[in-house]
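Please read it alongside the sequence and the structure shown here.

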Amino acid sequence: MVGAWCFADHMGPADVTENSGLDVGPHPHIGLQTVTWLIDGQVLHRDSLGSEQVIKPGQLNLMTSGGAVSHAEEATGQYRGTLEGIQLWVALPEGTRHGTAAFEHHAELPQGELEGAVVTALVGDFGNLVSPARHDTPLVGADLNLHGSATVPLRPEWEYAVVVMEGALGLDGQSLAPGKLGYLGQGRDELRLDVREPSRAVLLGGKPFEEPIVMWWNFVARDRAEIDAAYASWATQDDRFGKVRSTLPLIPAKAPYWQESQGPR
Ligand code: MN
């Protein structure tokens, strides 16, 4: 983990055609927020709260699962071209992880400039840029659109990581390219990024998360029993996760591996 950030999925770049897009059918979540940020293309979000929201580059979709939510991420049906983005998950703290689900769309986010970079605050505060997105623990997520080398201010008491989406960065004398997460730890008050080609990266940071989590499939919990219960609810389609109005088929959960290892019953 990096603060409460517990998952990063760099999507694409991929071609969206008449017949294919992101196409992630309805599936459940517990104990987390999904933070969706695109740098190219469009995605349609639908969830069990009844939300239906197209997201485009520069905008943020943020879904808070609380104790249970389900959603689908689909092609819009109209968009053709490249799709690229990142979906990040944030673990919810004890105080809100059993709470009600919620969804936010932010069509505009605060943007500022550093020497060498345009910075967008996705979640949390970056200097005087304050994102309107909900966050339940101290953290930051910021898009760095880099056209030259940059020095990024950090808080020594927080831990940080960098995910490169396009281009490549030099960081502590090492090269960081797409497909890897550069973990920076704590104790830095700034970060120097050496940039030789236009690059796009996401900075993740936060106060180290104090509650040990158990994460399996789409579930963030504190123990296996909570995950067993969520799995059973999805597998039996009881009413815990609600219904998503989607044309895509439900994504089935595989039984947690610790159930498999108990052998035949
Ligand atoms: Mn999801």
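The model holds 2 cavities of 30 Å³ or more. A cavity here is a set of points, on a 1 Å grid over the protein atoms alone, where a 1.4 Å probe fits but cannot get out, and lining residues have an atom within 4 Å of a point. Volume is the space filled by probe spheres set on the points, with grid points joined across faces, edges and corners.

This is a predicted model, in which local features need pLDDT of at least 70 and side-chain atom pairs count only at pLDDT 80 or more, while totals for chains, interfaces and linings use all residues. Residues are numbered from 1 along each chain as its sequence is written, and side-chain values use heavy atoms, with hydrogens and water left out.

**Cavities**

- The largest cavity has about 50 Å³ of space.
- Its lining consists of Thr-34, Thr-36, Val-43, His-45, Ile-55, Asn-61, His-71, Glu-73 and Phe-103.
- Two or more lining residues of the largest cavity come from each of β3 (32–40), β4 (43–47) and β7 (69–74); strands are DSSP runs (E, at least two residues), numbered from the N terminus.
- The lining of the largest cavity has 3 nonpolar, 5 polar and 1 charged residues, where Ala, Val, Leu, Ile, Met, Phe, Trp, Tyr, Cys and Pro count as nonpolar, Asp, Glu, Lys and Arg as charged, and the others, Gly among them, as polar.
- The second largest cavity has about 30 Å³ of space, and among the residues lining this cavity are Val-16, Leu-22, Val-43, Glu-74 and Tyr-79.
- By class, 6 nonpolar, 3 polar and 1 charged residues line the second largest cavity.

**Manganese site**

- His-27, His-29 and His-71 coordinate the manganese ion, each through NE2, at 2.0 to 2.1 Å; donors are N, O and S atoms within 2.8 Å of the metal (3.2 Å for Na, K and Ca), and water is not among the atoms, so sites may look incomplete.
- The spacing of the donor residues in sequence is H-x1-H-x41-H.
- His-29 belongs to strand β2 (residues 24–29) and His-71 to strand β7, so this pair ties together parts 42 residues apart in sequence.
- Both His-29 and His-71 are buried, meaning under 20% relative accessible area, with exposed being over 50% and partly exposed in between (1.4 Å probe, protein chains only).

**Five-stranded sheet**

- An open sheet of 5 strands runs in the order β1-β8-β3-β6-β9, with antiparallel pairing; two strands pair if DSSP finds at least two bridges between them.
- β1 (5–16) and β9 (102–106) are the edge strands, each pairing on one side only.
- β3 pairs with strand β8 (residues 81–91) over 8 bridges in the antiparallel sense, and Gln-33 has Val-90 in β8 as its bridge partner.

**Strand β11 and its partners**

- Strand β11 (residues 117–126) has 8 of its 10 residues buried, so it is largely enclosed by the rest of the structure.
- β11 runs antiparallel to β10 with 4 bridges, and the two form a hairpin with 2 residues between them, where Gly-116 in the turn has a positive phi of about 95°.
- β11 is also joined by 7 bridges to strand β13 (residues 139–146), again antiparallel, and Val-119 stands opposite Leu-144 in β13.
- A further hairpin is formed by β11 and β12 with 2 residues between them, and Gly-127 in its turn has a positive phi of about 60°.

**An exposed loop residue**

- Glu-108 sits in the loop between β9 and β10 (111–114) and counts as exposed because its relative accessibility is 68%.

Methods
1 Å grid on protein atoms, 1.4 Å probe; cavity = no way out; pocket = protein on both sides within 12 Å on 5 of 7 lines; lining within 4 Å.
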